[in-house]
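Student: I would like a close look at one part of this model. Please take me through the salt bridges and their surroundings.

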Amino acid sequence: MRRLNVYDAVQERLKVIFENFDYVYVSFSGGKDSGVLLNLCVDYIRRNLPGRRLGVFHMDYEAQYSQTTEYVRKRLSEDSDILDVYHCCVPFKVATCTSMYQSYWRPWEKSMQKAWVRAMPDGCYTEKDFSFFSNDLWDYDFQQLFAPWLMHRKKSRRICCLVGIRTQESFNRWRTIHSDRKYHRFGSLKWTHRIVNKAYNAYPLYDWKASDIWIANGKFGWHYNRLYDLYYQAGIPVGRQRVASPFISQAISSLSVYKAIDPDTWGKMVSRVNGVNFAGIYGNSLAMGWKSIKCPDGFSWKQYMDFLLGTLPDDIRSNYEEKLRVSIKFWRERGGCLDAETIQKLHARNIPISVGPESAYHTDKLPVRMEYIDDIDIPEFREIPTYKRMCICILKNDHACKYMGFSLTKRERELRDRVMKKYKSLEHGKI
């Protein structure tokens with residue numbers, strides 16, 4: 001077999017995609033990965049598929065660096081002979097970790113128009129253009145529902161969204177590609193994932209490294225977001241150079257860079273979302289829970305957790321208490337999956353546990369039932385139910401408790417399923 005480099009491999013993947021899907025669009029954030037993916041697709045179409053059009057889906061989060069805004073504006077205005085641009089300025093819910101009082105915010109919220117970070121761009125799509133929009137939608141829900149909406153609009157039989165994620169970026173992205181759940185794929189292609197019937201995501205850049213991205217930009221002379229030059233000059237490591245929503249947990253530690261790189265935008269952001277200035281000052285410190293935290297003298301971690309919960313507004317406190325209740329019930333009744341080495345470490349510390357014979361999940365790990373403990377000093381700390389982990393969630397304003405391993409709640413899953421079911425008929429052209 002001929003060993004392909006990552007560029008040649010992408011050419012073969014694009015060939016498969018364009019041959020099997022009658023409409024293809026790129027999810028374009030303005031970042032380095034989606035920018036390279038868009039350029040690869042444009043070049044492929046011009047070289048191999050004259051007359052074919054390509055969709056570009058851009059979710060505009062309002063609060064972003066002016067360099068990103070300028071790059072997106074220029075890029076979306078180019079190649080207009082083959083591009084269908086869907087520039088979406090929609091007030092969906094977006095998670096924020098800057099405040100203990102606010103778990104989400106809404107870009108382009110009409111009631112906040114006087115405080116908008118910038119004016120809404122001309123010719124964009126708003127909530128009025130999407131029959132499926134509701135105030136309950138999160139940004140990730142909007143992404144999923146956009147696919148059947150576009151499939152109906154284009155009268156497409158099968159549609160594909162190309163997403164520029166790379167497994168080098170995180171374990172969750174690696175898991176997205178290498179999951180054993182093959183029934184979600186298009187055929188045997190592990191770098192694809194079904195959204196709804198006949199609508200798929202594809203990740204043709206999944207095996208690229210960050211160095212490959214920059215080699216491609218240099219080799220082909222492609223334009224890119226010049227924000228990355230400023231990041232480099234500011235000494236921001238490659239792994240923290242993000243252009244996504246600045247208020248999510250992954251961006252908090254570098255939020256303060258806004259003040260130096262784009263002071264005008266920073267001045268507007270401070271009054272846009274609760275806690276931005278505090279997060280900008282303390283986001284890389286103990287105050288936001290990003291470093292090793294210590295339990296105050298005279299407190300256990302459970303007592304410290306109770307103290308922290310007592311400082312929160314009622315609705316926010318109730319959210320954390322419900323997450324804790326669900327987690328305690330899970331570890332008591334079902335148990336979490338742990339490997340043999342971790343189980344042995346728990347035994348060595350005389351921690352009462354009950355180990356089941358096998359798990360219902362596809363794993364060699366065993367289900368372990370146990371009560372919450374205060375803390376444990378082992379490398380597998382994040383796998384064990386401890387009150388310290390809950391304290392870290394509270395200090396990080398991690399309202400979804402992702403640090404605790406939580407995904408969507410039952411209510412959130414039911415809401416998403418209900419919305420997806422309602423608008424699934426879009427792909428069949430029934431509404």
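Student: Is Asp207 buried, partly exposed or exposed?

Tutor: Asp207 is partly exposed, because its relative accessible area is 25%; buried means under 20%, exposed over 50%, and partly exposed in between, with a 1.4 Å probe and protein chains only. A note on the basis: this is a predicted model, where local features need pLDDT of at least 70, side-chain atom pairs count only at pLDDT 80 or more, and totals for chains, interfaces and linings use all residues. Residues are numbered from 1 along each chain as its sequence is written, and side-chain values use heavy atoms, leaving out hydrogens and water.

Asp207 forms a salt bridge with Arg13 (a side-chain nitrogen of Lys or Arg within 4 Å of a carboxyl oxygen of Asp or Glu). The closest N and O atoms are 2.8 Å apart. This pair links distant parts of the chain, 194 residues apart: Asp207 sits in the loop between β8 (199–202) and α6 (210–220), Arg13 in helix α1. Helices (H or I, at least four residues) and strands (E, at least two) are DSSP runs, numbered from the N terminus. Arg13 is buried, at 9% relative accessibility.

Helix α1 (residues 6–20) also holds Tyr7. Tyr7 is partly exposed, at 24%. Not counting residues up to four places away in sequence, Tyr7 touches Leu40, Arg47, Trp208 and Phe220; contact means heavy atoms within 4.5 Å. Across the whole structure, a search finds 21 salt bridges.
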